Amino acid sequence: MTLVRLITGVLAFVLFVPPAIALDFKLHDNNSKTLNAVLATGIVKWDDADRLDRFLSRQPSKRHTAIYLNSPGGSLGGGIRLGEYFKRNRIKTVVEGHETCASACALAFLGGTDRKGNRWMSSTTTSRLGFHAFRNADGARYEDTDNTQRIVGVILQYGQRVGAPMEIFVRNFQTPADDMYWFSTEELLSLSIKVWDMQNNCFVGEKNC
């Protein structure tokens, strides 16, 4: 079985959210002549990467693309597909001040990439970026050992493809499905995730900040 079929077969079967719920995509206020800025809010759904692709196809070609994420999570498979879409299409990921990106959204966030192909993710000193162990579509823990191992393998392979630090997945699997681990500013910086200082209006650790 190929990796693509494994992802589709395992994640699509056990980790869907109801089809009526999906991320809402619209242009962000930061949209400009050189930046396609997209605001994504709501619940992550399996086909959100396809929907985002259609949304961006209607926008003019620009030098940069960034997506501003605000979501409590949703479909794990959908989050992985989004993250891979961000990586493949070199889309920066941002969680703005006072906003939340958790669970499937946080996995998608890890795919953030700049136009040169380098990892590029940005949070803030007042944002919340959270990870926890996956759960079934009905909210229950998934207890089938074989499928659990397969899903863990899929998540780790995704992490390798987007170049995410292993420390993130250690926290991800250590945190119970009914809890959430929120990364601190210091932890985010140690993972090479940019953090915008909401008080001083600059990136923490950069010159003159």
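The legends below describe close-up views of selected side chains and loop residues in a predicted model.

**Figure 1. A salt bridge joins Asp47 and Lys45.** Side chains of opposite charge can pair when their charged atoms come close. In this view, the separation from N to O is 3.5 Å. Lys45 has a relative accessibility of 16% and therefore counts as buried, because buried means under 20% relative accessible area. Asp47, at 22% relative accessibility, is classed as partly exposed. The pair belongs to a total of five salt bridges.

**Figure 2. Arg51 and Asp48 form a salt bridge within helix H2.** The closest N and O atoms of Arg51 and Asp48 are 2.7 Å apart. Both residues belong to helix H2, which covers residues 48–57. With a relative accessibility of 0%, Asp48 is buried. Arg51 has a relative accessible area of 24% and is partly exposed.

**Figure 3. A salt bridge connects Arg81 and Asp50.** The side chains of these two residues meet with an N to O distance of 3.4 Å. The pair links distant parts of the chain, since Arg81 lies in helix H3 (residues 76–89) and Asp50 lies in helix H2. Arg81 and Asp50 are 31 residues apart. Arg81 counts as partly exposed, at 22% relative accessibility. Asp50 is likewise partly exposed, with a relative accessible area of 33%.

**Figure 4. Arg90 has a positive phi in the loop between H3 and strand E4.** Most residues other than glycine have a negative phi. For Arg90, however, phi is near 55°. Arg90 has a relative accessible area of 42% and is partly exposed.

**Figure 5. Ser192 has a positive phi in the loop between helix H7 and strand E9.** The value of phi for Ser192 is near 65°, and the residue is not glycine. Helix H7 comprises residues 185–190, while strand E9 comprises residues 194–197. Is Ser192 buried or exposed? At 53% relative accessibility, Ser192 counts as exposed, because exposed means over 50% relative accessible area.

Note on methods
Residues numbered from 1 in each chain as written. Predicted model: local features only at pLDDT ≥ 70, side-chain atom pairs only at ≥ 80, totals over all residues. Heavy atoms only, no water. Salt bridge = Lys/Arg side-chain N within 4 Å of Asp/Glu carboxyl O. Buried < 20%, exposed > 50% of the residue type's maximum accessible area, 1.4 Å probe, protein only. Helix = DSSP H or I, 4+ residues; strand = E, 2+ residues; numbered from the N terminus.
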